[in-house]
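Hello,

Here is the structure I promised to pass on. Please open it first, then read my notes below.

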Amino acid sequence: MIKVSSASLSFEHDGQFQNVLDDISFEIEAQDSCAIIGPSGCGKTSLLFLLAGILQPDSGTLAIAGNPRCGTILQNFGLFPWKTVAENIGLGLTLKNIDKDRIRRVVDQLIEEMELAGFGNHFPGQLSGGMQQRVALARALAVEPEILFMDEPLSSLDALTRERLQNLILDIIQKRKITTVLVTHSIEEAAFLGRKIIILSRSPAQILKVVDNPSAVSSEYRLSEQFFQQCIRLRELLKGEVNGQEA
Amino acid sequence: MGRKRDIFWAALILLALWQVCALLLDSMALPQPWLVMVDLATKLTNGSLIDDLAVSSLRALAGIGLALAAAVPLGLLVGTEEQIGKRVSPFIYLLYPIPHVVLLPLIIILFGIGNFSKIFLIALIVFFQILVTTRDGARAIHRNYFHSMKTLGATKLQIYRHLVLPATLPKILTAMRISVGTSVAILFFVESFATTTGLGYIIMDSWGRADYVSLYTGISSMALLGFMLYMLLDRIEQHVCRWMSGR
Ligand SMILES: Nc1ncnc2c1ncn2[C@@H]1O[C@H](COP(=O)(O)OP(=O)(O)OP(=O)(O)O)[C@@H](O)[C@H]1O
Ligand SMILES: [Mg+2]
């Protein structure tokens, strides 16, 4: 279980403090899937950094029960351009000094599963955006995480690739029984993949609403009337924030 | 290979220009290139120049190697660790612009007039070029790469090995290319005293004897030496920066 209690965070710009997260509290049950959505620049990435342990909150606490293994996919910059696809995928294991044969087995299997066969010796710069995202996904999964953090893993992809990868993530959540936290700015994505949807206000981010979405994480849900109603509801909730930002 | 042909043509054009200048000037101080080339070929084949070429190469390589061994680790550290960088950078800025050749008397007092003083002076001058470029390279690494490393559980040493060093390597190689030019120039200076070997000595000695053909043979050998070092660097770059190709 992940429990965030009144976490706040600010950044310093030339001696000025900018509040980015303002008194955020929520819980995510083990093996649940949570989507975090909010207007652009509101602090979604910062919140994910807190959860993934990259940043510490200025005040408040973060507690993750049982010290689980975590996999993280960062926005845009996840892969190391000087490492091949196979080296990137295996990096988490390499850093743990796991023996090479075992790493190769895990990597080969993930390359197969992520449909990257034949690209193991390519460099990330030689791949399409969709393939790079699958490499990032494979790298996060290589450590057999119990929690998977994803920061807009599918933005900057075309609609078809995006849908395909959404289904891939759906598969992963269903098959591996892991806790997932997905940051996104896409309402449909949040409704499709988040059983719990946390809506953030514009900066400094506060929790606007936590929406329960129990039917999510199933491929039938996407075509149901219920799904469209949920999307409309989320859109209404977010609209105030985006309009307010433009004013 | 197209590259070899390009080099051949460049050499031919330079020789042609030299020929034209020699004919126009019609002076002892600029002998015709074919005279020099014949002299060079003779001395290379009968072995009388090989020793000097070898001695000079070793001095240059040892100097660059020594500088590299000190400047790269320090540059990576100063560029990565913000606190250390803040404290060390002022020293670099104060010491870099000094014309280090003026330290020669001091170096001779410390290390004598043998080979080591010559190597040390080359190393000292090249050290700063590599240090500053390496530091700037390390400093330019986007912080998201560090975050990525952190999520994979990397230790400090692993961050240097898998992120900082490979990301900075292209910059280090550029610095080494600049160093080759610098070190050959300093070679001439340090071989003009207290030695009877090396290309610098050949040049000074021929000058003293007004043997201009030998003088230009010495100069051509230095060009050859620099050229060989550049080729070596290109080889290394092709090997270690494979990921950069096709960018
Ligand atoms: N390392 C940093 N130093 C200073 N300010 C930062 C830093 N990281 C983020 N910020 C600021 O914090 C605010 C929130 O940024 P964050 O990246 O968390 O938003 P986001 O919701 O993820 O944005 P996007 O939708 O563009 O991904 C922004 O105003 C940003 O300028
Ligand atoms: Mg973001």
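In this predicted model, an oxygen atom of ligand 1 sits 2.9 Å from an N or O atom in the side chain of Gln18(A). The side chain of His13(A) also takes part: one of its N or O atoms is 3.3 Å from a nitrogen atom of ligand 1. Gly41(A) uses its backbone instead, with an N or O atom 3.0 Å from an oxygen atom of the ligand. Taken alone, ligand 1 exposes 630 Å², and the protein buries 70% of that.

Where does ligand 1 lie? Its place is between chains A and B. It is surrounded by 14 residues, and Lys44(A), Thr45(A) and Gln75(A) are among the closest. E1, E2 and H1 of chain A each supply at least two residues of this shell. H1(A) gives the most, with three.

Now the sheet. Three strands of chain A form an open, antiparallel sheet in the order E2-E1-E4. Strands E2 (16–28) and E4 (59–64) stand at the edges with a single partner strand each, so one side of each has no neighbour in the sheet. From one strand to the next, the twist averages 30°. E1 (residues 2–13) and E2 of chain A pair over nine bridges. Within E2(A), Phe26(A) stands opposite Val4(A). Helix H1 (residues 44–51) of chain A lies across E1, E2 and E4, at about 60° to E2(A).

Val102(B) is in the loop between helices H4 (82–95) and H5 (104–111). Is Val102(B) buried or exposed? It counts as exposed, because its relative accessibility is 54%, and the cut-off is over 50%.

Best wishes

Conventions:
Residues numbered from 1 in each chain as written. Chains lettered and ligands numbered in written order. Predicted model: local features only at pLDDT ≥ 70, side-chain atom pairs only at ≥ 80, totals over all residues. Heavy atoms only, no water. Pairing = 2+ DSSP bridges. Helix = DSSP H or I, 4+ residues; strand = E, 2+ residues; numbered from the N terminus. Axes fitted to C-alpha atoms, helices over the stretch in contact; angles between N-to-C directions. Contact = heavy atoms within 4.5 Å. Buried < 20%, exposed > 50% of the residue type's maximum accessible area, 1.4 Å probe, protein only. Near = heavy atom within 4 Å. Polar contact = N/O pair within 3.5 Å; in protein donor to acceptor, adjacent residues only side chain to side chain. Areas by Shrake-Rupley, 256 points an atom, 1.4 Å probe, with all protein chains shown as cover.
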